[in-house]
Amino acid sequence: MAAAQEVILSGIRPTGRLHYGNYFGALRHFLRLQEEGKRCYYFVADYHALTTITEPTDIYGQTIEMLRTYVACGLDPRASVIYRQSDLPCTAELSLLLGMITNIGFLERGTTYKDKMTKLQEDPRAEGNPLSFGLLGYPVLMAADILIVRADKVPVGDDQRQHVEMAMDIAQRFNSRFGETLHVPQAVGRDALRLPGLDGAAKMGKSEHNTLDLLDDPKTVLKKLKGVPTTTDPEPLDTDSNDPDVVVPKMPPGVGVLYRLLSLVAPEEVYLDFLERYRKGEKFYGDLKKTLAGHVSEFNTPIIERYNAPDNTPAAVEEFLRENARRVTPVALETVESCRAAMGIGHSLYRA
Ligand code: ATP
Ligand code: MG
């Protein structure tokens, strides 16, 4: 008998435009796995976007724009099942069921929640705990996203590693309490990427406003790269390795992001050449920024062209969203129904 086809699932929040962290941390793996013929589920996490907004935001519009960018990058809605999280509302039902077996203490150890709590505790004006139930429960909803399609692998950046581990824990807890029902996904590989921000912060992020965006035109790219803080002179690297995983963390943060990007978009010899100049302690940051800007623009010009292609319209996106919501729903309902039965409330007798 042939081995079962590997199932892949991953999502991105429609909280802004896609950036190079999203591309190299997640999207490029989406593309590779799609090309390998895996069963791929890629969704836009619009429910998740609601965990951090504080005012009405056009999440729908941002969803459509993000999906036009997916298509421009080469994701194919006929090969991969590309859908909107909120078009699969039984995810919310599974999240509710999983919430019943998830301790609050476990959720309070989630890094996103913990970081926000620490900031609050340092803020003398903060009163009580204003963080939402939705934010605390984010890992439960993410577990539901993953478990509902019985995913084997979850291609995400390093910042999401802990959330995938929490999903594994939740699935194991469910199975040990109610019998083998949920498929436990694999942990995120050690090689997952975390691209630093243009401001030198540890992570580039849509919500951090420190991004180089996938659709930035050459002028914007150059302007943003020129603004990267590189005041520190090169210091000895204390390693002979040329591997960006080893080298980048040893550099001043702003310089690190430039080298990491160079290693991702430029030919290897260009990266190695600039690394040698770093080791020699030359002053070359202006040259590095200009060269990098050139390679970034070479990389994304075809993406921008495809993004603007006449057939890449919001209407086309809506059409494939409808079609793909239909493709994923039976798989998802089967999981939800099996969880209901395992927990003892029985199969649903009616669904709208
Ligand atoms: P937000 O700030 O709204 O959370 P984000 O930029 O962190 O947005 P997400 O939608 O949370 O993006 O994450 C989408 C995918 O991109 C995830 O797989 C995440 O791990 C990956 N990702 C996000 N930022 C980076 C980064 N700086 N480096 C590598 N991968 C990243
Ligand atoms: Mg994020």
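In this predicted model, a backbone N or O atom of glycine 21 lies 3.2 Å from a nitrogen atom of ligand 1, a polar contact in the sense of a pair of N or O atoms within 3.5 Å. A backbone N or O atom of arginine 13 is 2.8 Å from an oxygen atom of ligand 1, while aspartate 159 takes part through its side chain, where an N or O atom lies 2.7 Å from an oxygen atom of the ligand. Of the 590 Å² of accessible area that ligand 1 has on its own, the protein covers 95%, with areas computed by the Shrake-Rupley method with a 1.4 Å probe.

This is a predicted model, in which local features need pLDDT of at least 70 and side-chain atom pairs count only at pLDDT 80 or more, whereas totals for chains, interfaces and linings use all residues. Residues are numbered from 1 along each chain as its sequence is written, chains are lettered from A and ligands numbered from 1 in the order in which they are written, and side-chain values use heavy atoms, with hydrogens and water left out.

The shell around ligand 1 holds 22 residues, each with a heavy atom within 4 Å of the ligand, and the closest are Thr15, His19, Gly157, Asp159 and Lys203. By class, the shell divides into six nonpolar, 10 polar and six charged residues, with Gly counted among the polar ones and Asp, Glu, Lys and Arg as charged. The helix α1 gives the most to this shell, with four residues.

The protein as a whole has 15 helices and three strands, which are DSSP runs (H or I, at least four residues, for helices; E, at least two, for strands). Its C-alpha atoms fill a box of roughly 70 × 50 × 50 Å, taken along the principal axes.

Terms used:
A polar contact is a pair of N or O atoms within 3.5 Å; within protein, one must be able to donate a hydrogen and the other to accept it, and residues adjacent in sequence count only if both atoms are side-chain atoms.
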